Each structure stands twice: as structure tokens, then as C-alpha cells.
Amino acid sequence: MGEFWRWRERLAALRERNGSIVLLAVIFLVVILAFTAFTVDVGFISLARTQMQAAADSAALAAAMELTSSTSPSQVRANAQAAAADVASRFVNGDRSGVTLDAATDITFGKQVSIGNGQYSMLWGNDQTPYNIVKVRVRRGTDSDGNGGTIDNRLPLFFGPVIQNSKADLTTEAIASFQPRDIMLVLDFSASMNDDSCLGAIGKLGQTFIESNLQTMWTELGSPVYGNLTFTPQYAVLKGGPVSGTMPHVEVTYKRSSVYVTSTSALKKVTLVMGSRTQTFSGLTAMTGTFQGTGSNAGRDITSVYVESGTNTNRSPGGLGELFSFTAANIKTALGLNITYPYPAGSWDEYISYVQASSGDIKNAGYRDMYGYLTWLHYLQYYHPYASDTPDLWKTSEHPISSVKDAVDLFVDYLTENAGGDYIGLTIYTHTSSSGAILEHGLSTNLTQVKNTTRQRQAGHYTGGTNISAGMATGRVELTTNGRDRSEKLMIVMTDGQANLPGSVSTACAAVLTEAQAASAAGIKIVTVTVGLDADTALMQQVASIGGGECFIVPGNQSVADVQAQLMEVFIRIASTRPLKLIK
């Protein structure tokens, strides 16, 4: 009997224990389900927030691509808002297939400005133009419906209702701007960069344009006056002795194979001297006349002339009248050029000799033996383009270099207006130094100095030749030595010709490709720009390909206006093609 009661007590204890285990199991199950619900909702919130951030990042970058100073601020905002909204709509967001942005509240425009020491400040508002930063906010919350009510855009949760929190408020944002660039301009200032402002370009650009441009250049020099030169070339007029009683005053205009003679008294006889030959015209009665060789003397150069008029028979030995000898010295005197030449290199004698040459651009233009500022400006550019020879030519509209200067102006102005944190430097080739190029300006935020220096250089500023590799090497060293760690490295190489230094053309071209490889290995992007008929476009295309950039070709045999327009379009395209980055 006692055993029975012992078993009964044991059974009761076992039942009591089993009930406790069931209760504990139920409690643990509730806790596990709560944690599971919490985990699911937290995971869903995390996923939605990640999706929202991706949408905000992409929308901000899309909006930043539309920031430009060449369009009105209102249009920039409209373009950027549309771009941001379009990109955001492509992103799944929790329970929705796309993200919707409110342009008025979710997209903010501003300007990032330098405060020194590599630090920047962000200024927000539609009045902070030109815009160079944009902020996009993506949110899930409760918004006004515009009619006094609300719209619940919060993220719905799976198990939130259990804890009376069925939806979640979420907000993400992103700020995008341009990645700052370190840019080296590598510019060709060879002597050929004035070809389109010389008489040799008449066949391509027309005589009217060339002559008008040369007159502009003379005006840009301050319309200087030397001797009795005029802008429009004139033949030299040699003047005889003064009128004295019956002794006349005679003037002879020298036109090489002919002369125009005028006298204050009637002409009697004119004798042409053509080297060892002479030809006399007698029985004259007029006071003027044009005389040239005839018969076997036709077309021969006249070296001197005797003019008999009035009572001047004995004004020269032999009684042939007054002698006019067309030596360079007499031409120089007739032009009033027995004066100091204005520049370090060249001379009036050399100029006169050049104008008298039997072949060349001056003769082809119809100005042989004709003297004036038009032919003098051509002479300066053809014979003495260097700054050490003619230091004032940088002030003039030499082409195509003048078009390059205008394009650089636009390029620098665009960078300045958009305040993207770009640094810029300037290298010019070819130079008299052993390196073959000169670093005019290292990388800095002083963009204006690059524009000013470029403007103050002239075609063939330092020397002739085209040492492209030297210019590239100088630019590469500056970018690798002084470039910033997180900036994009960009080299812009411009040329109008073919590499011919150092050494032969083949050696020079090989050096250019080697230098392109070195720049590419250093992480430098290379963009090339060619100008004119003689530019080695094939080489420059190779360079751009090696450097991961683009080759822009501005062809020759077109008007200066077209060249200028295309160059400016190229440089503004380069300036506006900016790498983007997320600031936040």
C-alpha cells in the first residue's frame, strides 16, 4: 500500500514538471517569433534604405551631369530635376517599383567654393549660381496632399502591427559634384601657327581676308608710321632735283620692267638701262609717260633711267638728262627708310630685298617691288616671327594661333565659372632650352594666368620646329610631381603640324608615342587637338588612343571663322566633359 502512494506522488510530480516545460516552451516560442518578426522588419528596412541610397546616389550624379554655366539657371534646374527624377524612377524601393522625387523639396542646388588649404564650403539655394553641386533626398514619410490632408508614403512593415508600429519613416540623401581635375595644356607655338595670316594663305582664304587681317594686325601694333610707307603697298618713287628756273623737277616710279615718269616740264627723251642694254625713247612732248623695253628688250628689268626734260640735259655725265638708279640704297631713300629699324632682328635693307625677290609669296600676291605695311607684316611673320626678333607680334591677330588663344580663353572662363576645383598648368613647345619645351605655369588654381600668358605668346615665340614629345614630357612631369592624389589627370595636346624634333621626323614621332605610353602608365588621360592641313592627325589619334582620350580634328582649307568656331566648340566640350563624384 505504501508503494502505491509513492508511485502516485511520483506521477503527480512528473505531471507538474511537464506542465512547466510546456509553459516554458510556449514562452520561448513567442520570444523566437518576436525576434523573427523584428529581424524580418529590420532586414526589410535595411534593404529599402539601401535601395533608397542607391536611387539618391544615381539621381544626384544624373542631376550633376546637367550642371553647366552655358544655360540659364532655371533651365539647368529643370534639366537636372528631370534627369534625377527619371533615374530615381528606375530603382525598386521596398514595396514600390520606383522612387518618386518632389522637385521642389527633394532636389537642392548649390555652389561649392574654396576656402583655402584644400577646403571647400557648400552654399545652397537657387541663387548660388553657377551651380556645381546638387543634393537629392529620397524619403518615405507622411506628406501633405495639398488639400489639407496627408498622404502616407511610409514603408509598410510585415510584423509592425503587432507592436503598434506598422510603418517606418526613412530618409537618405546624396550630394554630387564634379571630380576636380589637374589639367596641363600642352600647346604648339611653332612658327607655322601664323600661316593663315600670311600672303601664302591667299589661295585658301582669299586675298580680301588676308589683306584685311594684315591691316588689323598693323592697327593692333598701334598703326606705326615709318618713312613714307602706307598700308597699301606702293611702288617706290625716286625724286630728282628741285625746280630751279627752267630746270624741272622729275619723279620716276620704279616698277622693275617699266617706269612711270612725270616732270614739271615737257619730256624730251627717256633712256632705259637694262643691264648692258639701253633703249631710248625720243621726240617726246608730254609731261608724263610710262616706258618699258620693247622688241628684244620686252620684259627686261630696268636698272636705271635717264630723263631729259626742260634744261636738265647736263644733270648727268653724257648729256642724257637726270639719272635715276634703282639700287636698293636709292629705293630705301625714296621710301624714307634711312631710319632705325624698330625691332631687334631684321632690317629695312632685308625687307626691301625680300620685296624685290623674283619668287615667293609677295610676288605671287602681285606685290613685287611694292612697299607698305601689308608686305612688311608678312615679312615680319615669315622671316622674324620669334619674340626675340619681333616682340610685339603677340598683340596681333596671327592665325591660327589667335583662334587657339580665343579657345583657351573660353576654356579657362568655363572652368572658372563652374568652380569645379580644377587646377590648370601650361606648357609650350618648342623652346630653346635643352628640354625642348617650357613649363610656363605649374598646376594651380590661378587659371587666369594661363589665359594671360597664352595671349601674350606669338607664333614661333621661342623658336621654330615642332617638339611635341618635349611638351608632353614637361606636362607629364608636372602632373605626376604636383598633381593631387584624388584628382583626374588630364593632358590636352594641341598641334598644327608634324613632329620634327628631336632628330628626324621618324625619331620625333617615335618619341611622341613613347611619351604617350609614359603618360598613360602614370594614369594621365590624353586628349589631342589638331588644326590645319599639315597636322599629323594619324599620330595624334594614336596618342589619344594610348592615353584613353579623344582626338579632335579641326581640318584645314576652311575659313578662319570656321576654324575658330570649331576650336572653341572643342575646348568647351573638353571643359564640360567632367568626371563626377559623390561628396556624400
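**Exercise 1. Determine which residues of α10 meet which residues of α11, and classify the contact.**

Solution. Step 1: Apply the contact criterion, heavy atoms within 4.5 Å. On the α10 side, the residues are Ser-402, Lys-405, Asp-406, Val-408, Asp-409, Val-412, Asp-413, Leu-415 and Thr-416. Their counterparts in α11 are Leu-447, Thr-448, Lys-451, Thr-454 and Arg-455.

The model is predicted: local features need pLDDT of at least 70, side-chain atom pairs count only at pLDDT 80 or more, and totals for chains, interfaces and linings use all residues. Residues are numbered from 1 along each chain as its sequence is written, and side-chain values use heavy atoms, with hydrogens and water left out.

Step 1: Sort the residues by class, where Ala, Val, Leu, Ile, Met, Phe, Trp, Tyr, Cys and Pro count as nonpolar, Asp, Glu, Lys and Arg as charged, and the others, Gly among them, as polar. The contact of α10 with α11 has four nonpolar, four polar and six charged residues.

**Exercise 2. Describe how the axes of α10 and α11 are arranged.**

Solution. Step 1: Locate the helices, which are DSSP runs (H or I, at least four residues), just as strands are runs of E (at least two), numbered from the N terminus. Helix α10 spans residues 401-418 and helix α11 residues 447-455.

**Exercise 3. State what separates Asp-301 from Arg-256 in sequence and what joins the pair.**

Solution. Step 1: A salt bridge requires a side-chain nitrogen of Lys or Arg within 4 Å of a carboxyl oxygen of Asp or Glu. Asp-301 and Arg-256 form one, their closest N and O atoms being 3.3 Å apart.

Step 1: Asp-301 lies in the loop between β16 (288-292) and β17 (304-309), and Arg-256 in the loop between β12 (250-254) and β13 (258-263), so the bridge ties together parts 45 residues apart in sequence.

Step 2: Consider accessibility (buried: under 20% relative accessible area; exposed: over 50%; partly exposed: in between; 1.4 Å probe, protein chains only). Asp-301 is partly exposed at 37%, whereas Arg-256 is buried at 12%.

**Exercise 4. Examine the salt bridge between Arg-578 and Asp-422.**

Solution. Step 1: The closest N and O atoms of this pair are 2.6 Å apart. Step 2: The partners are 156 residues apart, with Arg-578 in the loop between α15 (560-576) and β25 (580-582) and Asp-422 in the loop between α10 and β20 (423-429). Step 3: Arg-578 is buried at 9%, and Asp-422 is buried at 5%.

Technical notes:
Axes are lines fitted to C-alpha atoms, for helices over the stretch in contact, and angles run from 0 to 180 degrees between N-to-C directions.
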